[in-house]
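Student: Could you take me through this one slowly, with the cut-offs spelled out as we go?

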Amino acid sequence: MQPRNMSMSGVVDLAAVKAAQEAKAKAEQARAEAVRQGGGPGAVSPADLVIDVDEAGFERDVLQRSTEVPVVIDFWAEWCEPCKQLSPVLERLAVEYDGRFLLAKVDVDANQMLMQQFGIQGIPAVFAVVAGQALPLFQGAASEAQIRQTLDQLVQVAEQRFGLTGLAVDPEAEPGGAQPEVEVAPPAGPYDALLEAAVQALDSGDLAGAVQAYKNVLSDDPGNPEAKLGLAQAELLQRVQGLDPQQVRRDAADKPADARAQIVAADLDLVGGHVEDAFGRLIDTIRRTAGDDRDAVRVRLLELFEVVGTDDPRVAMSRRALARALF
């Protein structure tokens, strides 16, 4: 039987998680507002969607950026005639896709090590990096229709599997310049009393009441970061309420490829404060499963990322591991 006053204090620093959720919500609101207005503070210039990358800056400009936007890499050389036909198309599409991917151009003559690391035998060659994981897209000449189809699939995977919505683009922004910090005012609304009621319900063990209270806030303000975080926590606690931990552990140990058994065990891991164990369990299960089972595990892992906070380094590390497991 779950203790009545069970809380999430053993999982993470709630203040840090709340701050991370608020930062994420601000970024999402800023991007949405910038897109709505055709640009705006905090957005990047269209010229910043195409960058030159070398070996020294690869980790910063490609690997790190790939946790927020898919990065398409164009391996080219000055002497390569097909490259001169392909590169302008990719550059134009990078702008047309309005920040849904970032184009990184790598001169192979000046960056032989990167060419070797990617196993490139000939150019042009185009790869993508999503959440730190490299994916081959195509090599040699390709029609614009084929390129668009490939990019559409890349953007869809990045959004659906990793929550990467891309960059906001401001046509009037100065290219390469530092963008001012965006201050987004919290939505107006009488939410303080509802949020306080949800917290009290959560602390008293009334998980159903807490879930409903948070949903009441989100019905009026879907982006409210405190309500989103609280709902994720309350639903997690509701899922593990009444479970027999020993039986759950036995089931998970006996059936390592059973998606449901591993999902339930991961919930218990997280509630117990074993964040890495929860993430690792689900990533290992993704490697062992396929189809609907695999997708259910992936969805639960993304939900647990939200509980911990997407800015937590353990989440960033696990996103990269998830990408490797999926691809």
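Tutor: Let me begin with a term: buried means under 20% relative accessible area and exposed over 50%, with partly exposed in between, using a 1.4 Å probe and protein chains only. This is a predicted model, in which local features need pLDDT of at least 70 and side-chain atom pairs count only at pLDDT 80 or more, while totals for chains, interfaces and linings use all residues. Residues are numbered from 1 along each chain as its sequence is written, and side-chain values use heavy atoms, with hydrogens and water left out.

Student: Is Thr 285 buried or exposed?

Tutor: Thr 285 is buried, its relative accessible area being 0%, and its place is in helix α11; helices (H or I, at least four residues) and strands (E, at least two) are DSSP runs, numbered from the N terminus.

Student: What is Thr 285 in contact with, leaving aside neighbours within four places in sequence?

Tutor: Taking contact as heavy atoms within 4.5 Å, Thr 285 touches Pro 256, Ala 259, Gln 262 and Val 297.

Student: And how do α11 and α12 cross?

Tutor: The axes of α11 (residues 275-288) and α12 (residues 291-308) come within 9 Å and cross at roughly 160 degrees, where axes are lines fitted to C-alpha atoms, for helices over the stretch in contact, and angles run from 0 to 180 degrees between N-to-C directions. That makes the two helices roughly antiparallel, a label for angles over 145 degrees.

Student: Which residues make that contact?

Tutor: Those of α11 include Thr 285, Phe 279 and Leu 282, and among those of α12 are Val 297, Leu 301 and Phe 305.

Student: Changing topic, what span does α5 have?

Tutor: Helix α5 (residues 144-162) has 19 residues and reaches 26 Å from its first C-alpha to its last, close to the 27 Å expected at 1.5 Å a residue, the expected span being 1.5 Å times one less than the number of residues.

Student: Which residues of α5 are buried?

Tutor: They are Ile 147, Leu 151, Leu 154, Val 155, Ala 158 and Phe 162. Seen down the axis of α5, these fall within an arc of 95 degrees, so they line one face of the helix; the arc is that of the directions from the helix axis to the C-beta atoms.

Student: What do they pack against?

Tutor: The buried residues of α5 pack against β2 (71-76), α3 (81-96), β4 (125-130), β5 (133-139) and α13 (313-326), whereas the face turned away from the buried side carries the exposed residues Ala 145 and Gln 160.

Notes:
Parallel < 35°, antiparallel > 145°, perpendicular 65-115°, else oblique.
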